[in-house]
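Please consult the sequence and the structure shown here while reading.

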Amino acid sequence: MKFTVVATSVYDPTIRATLEFTVVNVGVEVVEIRTEEELRAIHTNEGGLSLSYVLMNDIELTAPWTPIGIAEVETDSGQIIPGTPFNGIFNGNGFTISGILVESEEPLFNAGFFAQIGATAIVKNTTFEGIVNATGWSGGIAGINEGLIENVVSNVRVTVTGTSAGSLVSVNRGLIQYAYGIGKVVSETNPNTSGRSAGLVVANDGSMIEVYGDYQALETPNYTAFSPSTNPMYMLPTVDMKTSSTWASFDADVWYIENGTYPLLKHEGFVPPVIVPELGITIKNTELNHDVEVSSELQINAEVINPEGSEVIIYALKEAVAGVSVSESGLVTFDTALISANFQFTVVVTIDGTEISAEKTFTGVYNPEIVDDTVYIETETQLLNLLAGQTNPDNLSKTFVLLNDIVLTSNWTAIGIAPNEDEGVVGVPFTGVFDGQGYKISGISMPGGGWNKGFFGYIGTTGVVKNTHFEGNIEANAWSGALAANNSGTIMDVVVDIEVYVWGNNGGAIVEHNHGLLKNIIVLGKAVSDSGPTAVGLVVTNFGTLEDVYANVDTVGTPNLVSNGGVADDGTHIISAESFVAAATYVNFDSATWLIVDGQVPQLINEDTVLPEVVVYIETEAELLSLLAGQTDPEALSKTYKLKNDIVLTTDWTAVGIAPNEDEAIVGIPFTGVFDGQGYKISGINMPGGGWNKGFFGYIGETGVVKNTHFEGFLEANAWSGALAANNSGTIQDVVVDIEVYVWGANGGAIVEHNHGLLKNIIVLGKAVSDNGPTAVGLVVTNFGTLENVFANVDTVGTPNLVSFGGVADDGTYIISAESFVAAATYVNFSSDVWTIIDGSTPVLKQA
């Protein structure tokens with residue numbers, strides 16, 4: 001026999017050296033096969049699995065076929081039970097076995113014409129035609145190959161109800177050479193973009209030399225399907241598969257090669273077919289990876305096969321891709337403002353006036369230098385362009401800030417490159433800062449197989465990922481994690497709502513390898529493995545630190561803190577559903593970053609978050625004084641305060657907040673919360689002495705609301721002051737102002753000093769008094785806001801002015817007669833739910 005030894009470069013499979021050997025063994029008996037019965041006798045012949053067979057003619061099977069040999073079996077525990085493989089020689093002599101039908105009502109794995117081809121076996125010079133219907137892990141020629149398969153054709157339709165269908169074989173651990181597959185392959189469970197789906201082979205742990213697949217006939221682009229990947233040199237369209245130049249390395253003594261047909265195995269009596277040349281078209285580009293930084297354009301090289309005249313080629317993109325366009329001449333150009341860092345585009349060429357077309361998919365890369373140190377991201381396009389697949393170290397050192405939620409509609413490629421000691425990959429880390437500002441990235445999708453997968457490939461020691469909610473799905477063979485394959489930096493204040501699904505072992509619900517700090521993390525996602533919940537964990541390995549990291553035991557999918565070695569969590573991080581929503585669990589979380597409500601899962605706060613009302617009830621003078629008198633803490637000034645009863649002050653009052661003062665460059669500290677008196681009265685207000693910009697409130701901010709309160713007391717100042725506030729930019733509504741404002745100079749306001757906001761439904765029982773006379777004061781000192789249904793008694797308010805500064809007299813709208821002041825008709829726009837209105841009396845606030 002002849003056999004060939006080929007040494008192939010692991011870096012470039014096109015580089016190889018070949019030696020052919022001939023071995024003569026006169027002691028080997030060759031069994032000739034001419035009939036279906038003789039073919040089936042391989043199963044029953046004594047030592048039949050080790051004999052040498054040769055076909056003498058084509059054979060068509062007329063009944064279901066039982067695969068030759070018995071394949072190995074892997075138990076649930078991972079133990080391999082050896083099978084009984086075919087270890088002989090099967091020489092088809094150029095002939096065809098057709099009518100193959102392999103199926104079973106019982107679960108069927110590792111099926112094919114052969115179940116398993118052993119390490120010493122040779123299968124060659126045969127065309128296989130038929131159907132294989134199995135549960136999973138099956139191929140047209142064999143379930144498992146450990147030997148030599150050469151000069152074969154698989155025109156077998158392989159369908160698995162589960163996963164892993166291969167046109168040639170399911171698992172190759174041997175050598176396959178000079179072969180091709182054209183039978184359709186289907187996994188009914190996994191689409192072709194997912195791992196363990198359908199391909200020319202499923203898993204290749206051996207060698208494949210000059211092995212081709214017609215991706216149109218197979219209906220999959222996958223050269224290998226375990227971790228889906230194509231190979232544009234060997235996965236070709238039908239037109240290229242029927243082009244003689246494709247098969248230049250095939251032995252013309254073994255194969256009949258001609259334009260217009262797939263290669264055919266020669267045999268005794270072989271008659272070349274009559275070939276009618278057919279018009280076709282193909283794309284000849286073999287370099288399918290394009291770096292836009294190297295060249296901003298790409299010429300598509302299309303060729304018409306068997307031209308009949310002056311055919312016109314139409315170029316188009318199969319689907320629109322941002323920043324990619326193709327001209328009438330087939331020149332692809334790229335708009336660098338729109339393209340992603342990593343992107344794909346498919347060019348379709350069509351012969352004008354026909355339906356004859358071809359297509360080819362290209363991968364583009366664009367990683368220009370990012371100039372700004374801080375980059376703000378507010379669209380999916382920006383996120384993809386800047387970070388998906390980003391591997392430029394300088395770019396990975398920047399600060400990236402989200403400005404809003406982002407929904408991804410395209411598959412995600414990891415940021416940076418994970419290190420891999422086994423393969424000598426050092427890795428390229430993210431060393432900057434990613435700050436989500438409390439916003440969410442949803443739609444994260446990383447399908448298919450692979451290892452060391454995660455949203456980030458590698459977070460370096462200086463890298464920080466924080467304040468972000470991540471949501472999506474990651475699928476891998478094994479050894480992967482939700483946020484990162486390798487974290488050596490800091491991941492802090494994040495929500496991880498990513499499902500990590502690994503077919504094998506070692507998936508991390510947070511990260512794969514942790515060498516850094518994981519802090520203040522809530523896990524809403526889960527880790528799932530075909531091997532069960534103990535094959536995954538919160539992390540795969542841990543050489544770092546976890547602080548305040550929590551997952552719900554009912555949803556995280558694993559009991560493990562660390563999957564590698566099966567280190568179960570002791571209840572510190574994987575906690576009960578009750579504890580998961582208990583506010584006490586998150587006592588170390590920053591309330592400025594997280595919204596924590598007992599009974600709910602904490603959520604990150606962003607600018608769009610509507611914070612729940614924090615109500616502080618006040619029922620004593622001491623509480624009112626301690627909480628609000630002289631209060632300048634912005635957080636305290638943002639809360640909601642409610643009176644529970646009338647309060648009489650016996651101590652001098654200090655304003656709430658600090659009034660702004662442009663002359664003294666004081667910005668001010670506003671009250672931005674809500675003060676709801678619930679109809680009750682604060683009396684005894686006393687603010688004696690001099691000063692300016694005085695009032696019960698120093699400054700009411702734009703979001704501040706003061707309502708449903710009766711204020712009673714006395715305020716004394718040099719000038720420029722107001723009863724309720726020195727500066728109101730918010731809302732004062734449904735209040736009674738019974739405060740006497742006395743200024744020695746000018747500009748005192750019976751309601752407020754400066755009004756930039758809304759004064760609504762206000763009754764003024766107090767007055768404004770100045771040593772300079774009634775025209776030196778007014779209801780307000782300045783007004784740049786709005787007054788609605790504000791009323792003062794002309795006989796008691798002490799001034800004719802609406803606005804004191806500039807002496808703007810009221811026209812009778814607000815300062816009204818004593819009769820009108822007690823007329824129910826005056827208060828028609830006052831709410832009867834808030835006020836008690838009786839004709840002939842001043843309205844009174846209703847108490848809660």
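Glu788 has a relative accessible area of 33%, so Glu788 is partly exposed; buried means under 20% relative accessible area, exposed over 50%, and partly exposed in between, with a 1.4 Å probe and protein chains only. Lys760, at 24%, is also partly exposed. Glu788 and Lys760 form a salt bridge, with their closest N and O atoms 3.9 Å apart; the term requires a side-chain nitrogen of Lys or Arg within 4 Å of a carboxyl oxygen of Asp or Glu. Glu788 belongs to strand β66 (residues 786-793) and Lys760 to strand β63 (residues 758-764), so the pair ties together parts 28 residues apart in sequence. Strands (E, at least two residues) are DSSP runs, numbered from the N terminus.

The model is predicted: local features need pLDDT of at least 70 and side-chain atom pairs pLDDT 80 or more, while totals for chains, interfaces and linings use all residues. Residues are numbered from 1 along each chain as its sequence is written, and side-chain values use heavy atoms, without hydrogens and water.

## Other salt bridges

The structure holds 12 salt bridges. One of them joins the side chains of Arg196 and Asp530 at 2.3 Å, N to O. Arg196 is buried at 11% relative accessibility, whereas Asp530 is partly exposed at 44%.

Methods
Helices (H or I, at least four residues) and strands (E, at least two) are DSSP runs, numbered from the N terminus.
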